[in-house]
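The exercises below are to be worked with the sequence and the 3D view open. Each one gives a task and then a solution in steps.

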Amino acid sequence: MKIHEYQAKELLRRFDVPTLFGKVIFSPEEAGKIAFDEFEAKGIPTIVLKAQIHAGGRGKGIMHSITNNEQIFLDEKPVRGVTIINGDKIADRAYKVAASVLGNKLITIQTGDEGSIVRRMLIEEGVSIAKEYYAGIVLDRQSGMNTVMVSTEGGMEIEKVAEETPEKIIKESINPAFGLTDYQARRLAFGLGLQGDAFKSFLNFIQKLAVAYEALDCSLLEINPLVLTTDNKMIALDAKITFDDNALYRHPEYIDLRDEAEESPLEVEASKFDLNYIKLDGNVGCMVNGAGLAMATMDMIKLSGGSPANFLDVGGGANVTRIANAFRIMMSDPNVKAVLINIFGGIVRCDKVADGIVEALKTVKVDIPVIVRLDGTNAQEGKQTLLNSGLKFNVATTLEEAAKLVSKLIAA
């Protein structure tokens with residue numbers, strides 16, 4: 001589960017992680033009023049307005065009109081997702097910027113050409129920056145430990161840094177028995193070339209960040225950029241948090257942070273039925289039980305010349321209701337030209353899954369080819385149920401056969 005930057009910073013403040021003062025706004029009127037009351041009237045000369053969407057690259061992204069998709073200009077300059085305002089009458093200009101952004105579409109390198117509609121913005125005080133860094137904490141599944149990563153390449157995508165200059169990423173694994181130790185924090189600071197007050201400020205920052213990551217049950221906590229100010233203080237200029245979905249039951253308050261408008265409508269619908277669904281760009285709908293089997297199925301489809309339209313794990317409870325909803329959600333994607341169902345009967349028996357598929361197709365209209373591969377407990381009984389149903393199924397024996405068949409039907 002992802003949240004917005006302003007929400008992430010509000011959570012980090014609970015752990016005394018240094019951030020800048022800012023407020024969220026939902027209208028140009030709010031932008032003007034807050035810019036005047038909280039900044040201009042108090043003599044703060046510089047503010048920053050940031051579009052709040054679940055995508056990076058906002059500073060380079062350009063606003064487009066929601067009505068005609070044309071670029072939006074203000075004072076003959078393209079309006080971007082992040083705007084710095086300084087000098088006189090910052091409240092008036094904040095109003096104009098917010099009016100150009102809110103309700104319109106921001107296109108960044110991460111949103112693609114579809115863009116994302118901006119429904120809220122963050123107004124934040126400006127700061128004098130001496131240097132930008134990167135800091136992030138993520139679970140390293142190979143080591144089984146949370147890992148802190150820092151880099152001198154602040155403001156860049158960490159994936160690009162890892163690909164082009166991996167030596168500039170410094171890592172420390174956090175032993176869950178001890179947490180991030182003092183010597184590890186110092187080693188990270190030395191790796192960034194910090195000295196004096198900047199060194200001390202970083203130690204304080206990274207220790208508190210590690211505590212926040214653990215307490216909040218994050219799967220990702222990213223500060224990019226982490227800035228060193230001209231008075232040698234480390235501050236989170238941006239913040240990105242993704243929660244571990246498996247820990248959400250411990251944090252019922254997180255539900256109020258969810259912004260469904262930033263999520264795929266099909267993924268939101270799937271979550272209502274405990275379906276693990278992620279929309280992709282292909283044309284083969286996939287319905288599988290088990291995440292590992294789903295990944296293998298998508299790989300096999302790709303190797304056979306097809307392209308998966310989704311990741312869909314129906315889990316161990318592949319009953320009639322769940323299968324029917326899975327079909328309905330897949331069929332809502334106009335790109336889907338065929339469906340491949342790959343079930344391994346372990347927790348759930350194949351004959352029960354076959355019964356569910358037959359019953360589900362009596363309530364959901366499916367007018368495209370459906371290929372089913374069943375293996376495991378009662379697989380033969382399940383196949384017979386499908387063949388005797390009177391419905392048009394293509395029954396495959398192996399995953400390879402199923403993938404080649406679906407790719408052939410797509411190409412026909």
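**Exercise 1. Helix α2**

Which elements are included in what covers the buried residues of α2? The model is a predicted one, and the solution should be read with that in mind.

Solution. 
- Step 1: locate the helix. Helix α2 runs over residues 28-39 and has 12 residues. From its first C-alpha to its last it reaches 16 Å, close to the 16 Å expected at 1.5 Å a residue.
- Step 2: pick out the buried residues of α2. They are Pro28, Ala31, Gly32, Ile34, Ala35, Glu38 and Phe39.
- Step 3: look for what covers them. The cover includes the strands β1 (22-25), β2 (46-51) and β9 (121-125), together with helix α3 (90-101).

**Exercise 2. The whole chain**

Solution. 
- Step 1: take the extent. Along its principal axes the C-alpha trace spans about 80 × 55 × 40 Å.
- Step 2: consider burial and surface. Of the 412 residues in the chain, 49% are buried. The accessible surface comes to about 20100 Å², and carbon and sulfur atoms hold 51% of that.
- Step 3: consider contacts. Among contacts with a separation of 6 or more, 68% are between residues 24 or more positions apart.
- Step 4: consider charge. There are 46 positive and 56 negative side chains, and the centres of the two sets lie 1 Å apart.

**Exercise 3. Pro225 and its peptide bond**

Is Pro225 buried or exposed, and what kind of peptide bond joins Asn224 and Pro225?

Solution. 
- Step 1: Pro225 is in strand β13, which covers residues 218-229.
- Step 2: apply the cut-off. Pro225 has a relative accessible area of 12%, so it counts as buried, the limit being under 20%.
- Step 3: list the contacts. Leaving out residues up to four places away in sequence, Pro225 touches Glu132, Tyr133, Gly154, Gly155, Ile235, Ala236, Leu237 and Asp238.
- Step 4: read the bond. Asn224 and Pro225 are joined by a cis peptide bond, with omega about 10°. Most peptide bonds are trans.
- Step 5: check a distance. The C-alpha atoms of Pro225 and His54 are separated by 16 Å, and the two residues are 171 residues apart along the chain.

**Exercise 4. Salt bridges**

How many salt bridges does a search of the whole structure find, and which parts does the pair of Asp238 and Arg58 tie together?

Solution. 
- Step 1: take the total. The search finds 22 salt bridges. Side chains of opposite charge can pair when their charged atoms come close.
- Step 2: examine one pair. The side chains of Asp238 and Arg58 meet in a salt bridge at 3.1 Å, N to O. Asp238 lies in the loop between β14 (234-236) and β15 (240-243), and Arg58 in the loop between β2 and β3 (62-64), so the pair ties together parts 180 residues apart in sequence. Both Asp238 and Arg58 are buried.
- Step 3: compare with Glu359 and Lys362, whose side chains meet in a salt bridge at 3.2 Å, N to O. Glu359 is partly exposed at 38% relative accessible area, and Lys362 is exposed at 58%.
- Step 4: examine Asp375 and Arg373. Their closest N and O atoms are 3.2 Å apart in a salt bridge. Asp375 is partly exposed, with a relative accessible area of 31%, whereas Arg373 is buried, at 12%.
- Step 5: look for a network. Salt bridges that share partners join Glu5, Lys9, Lys50, Arg58, Glu124 and Asp238 into one network.

**Exercise 5. Loop residues**

Where are Asp16 and Asn69 found, and what are their phi values?

Solution. 
- Step 1: Asp16 sits in the loop between α1 (5-13) and β1. Its phi is near 60°, a positive value in a residue other than glycine.
- Step 2: Asn69 sits in the loop between β3 and β4 (73-74). Its phi is near 65°, also positive in a residue other than glycine.
- Step 3: recall the background. Most residues other than glycine have a negative phi.
- Step 4: Asp16 counts as exposed because its relative accessibility is 53%, the limit being over 50%. Asn69, at 37%, is partly exposed.

Methods:
Residues numbered from 1 in each chain as written. Predicted model: local features only at pLDDT ≥ 70, side-chain atom pairs only at ≥ 80, totals over all residues. Heavy atoms only, no water. Helix = DSSP H or I, 4+ residues; strand = E, 2+ residues; numbered from the N terminus. Buried < 20%, exposed > 50% of the residue type's maximum accessible area, 1.4 Å probe, protein only. Contact = heavy atoms within 4.5 Å. Areas by Shrake-Rupley, 256 points an atom, 1.4 Å probe, with all protein chains shown as cover. Lys, Arg positive; Asp, Glu negative; His and termini not counted. Charge placed at Lys NZ, Arg CZ, Asp CG, Glu CD. Expected span 1.5 Å × (residues − 1). Salt bridge = Lys/Arg side-chain N within 4 Å of Asp/Glu carboxyl O.
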